Amino acid sequence: MTAAPVGKPPPLEVAPTPKGIINNLGRPLNMTCANAIKPRNSQHKPIPMKQVAYLHGEPKIVWEEEEVEHMIINEDLQLAVIGKFSYGWLEIQELRRLIPKQCELKGDVNNGLLSNRYVLIRTTLLEDYVTLLSKPQFYITQNYWSYPMRTLKWDPMFDPEEETSIAIAWISFPVLPPNFFGKEAIFSLASAVGKPLQVGMAIQNKTRPSCARVKIEVDLMGDFPIRINVE
């Protein structure tokens, strides 16, 4: 049996750097001393100091891929998104207050100015991460002025001068038997195309057994399978 994924991914975007942490109402979080020193992620791991090597007279430091992954975890960047303002932007203090509220984010958010026009948005909920990357554009409004903000996926190689090829997209499996509509089965199928993030509401409510839809994170420059063999 084969399951054919249908749907072509639209473009997506990335994220910038932080300062004060605010909640979804735009107010500062009340942090106790214990909370402030408590690691936010149980996988937090110290990164060892590196020795400097020299190549053709230039200093060189090398980190292993696993160490870079731990750096991302340590800096709470697993669900980071970049907000890009192309036509003016507000002060970062105002963006910290307005972005969580006007983008309808539910979890804690840490916003900071990455560079001119780019804001790093560190989310703590996968739902908020998906929300930010699922819309082509948000409008941050203050005093009757609206500032368009595109969102991009952050990664360690982010370059403001280059467009990212990573996108969020819905794909469909229109002839899939309903016994494969469980989240684990759908995610397994979708992982052949990209990184599965969210199943459609119809799957959750079991109201459309004719078609399975799943939201994925995908590299538009990659190759996409025509069909997936299921045994």
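## Surface patches, a hairpin and salt bridges

Val-52, Tyr-54, Ile-61 and Trp-63 make up a nonpolar surface patch whose accessible area totals about 420 Å². The model is predicted, so local features need pLDDT of at least 70 and side-chain atom pairs count only at pLDDT 80 or more, while totals for chains, interfaces and linings use all residues. Residues are numbered from 1 along each chain as its sequence is written, and side-chain values use heavy atoms, with hydrogens and water left out.

Patches consist of residues with over 30% relative accessible area and no salt bridge, like charges being joined within 9 Å and nonpolar side chains (Val, Leu, Ile, Met, Phe, Trp, Tyr) within 5 Å. Accessible areas come from the Shrake-Rupley method with a 1.4 Å probe, and for residues only the protein chains shown count as cover. Tyr-54 lies in strand β3 (residues 53–55); helices (H or I, at least four residues) and strands (E, at least two) are DSSP runs, numbered from the N terminus. Tyr-54 is exposed, at 61% relative accessible area, where buried means under 20%, exposed over 50% and partly exposed in between.

A negative surface patch comprises Glu-64, Glu-65, Glu-66 and Glu-69. Asp and Glu count as negative, and the place of a charge is taken as CG of Asp or CD of Glu. Glu-66 belongs to helix α2 (residues 65–74) and is partly exposed, with a relative accessible area of 49%.

Strands β6 (residues 109–115) and β7 (residues 118–123) run antiparallel and are joined by six bridges; strands pair if DSSP finds at least two bridges between them. Gly-112 has Leu-120 in β7 as its bridge partner. Two residues lie between the strands of this hairpin, in which Arg-117 adopts a positive phi near 80°.

The whole structure contains four salt bridges, each defined as a side-chain nitrogen of Lys or Arg within 4 Å of a carboxyl oxygen of Asp or Glu.

Arg-97 and Glu-94 are about one helical turn apart, because three residues separate their positions in helix α3 (residues 92–102). Arg-97 is partly exposed at 36% relative accessibility, as is Glu-94 at 23%.

Glu-127 is partly exposed at 37%, whereas Lys-106 is exposed at 53%.

Note on methods
Buried < 20%, exposed > 50% of the residue type's maximum accessible area, 1.4 Å probe, protein only.
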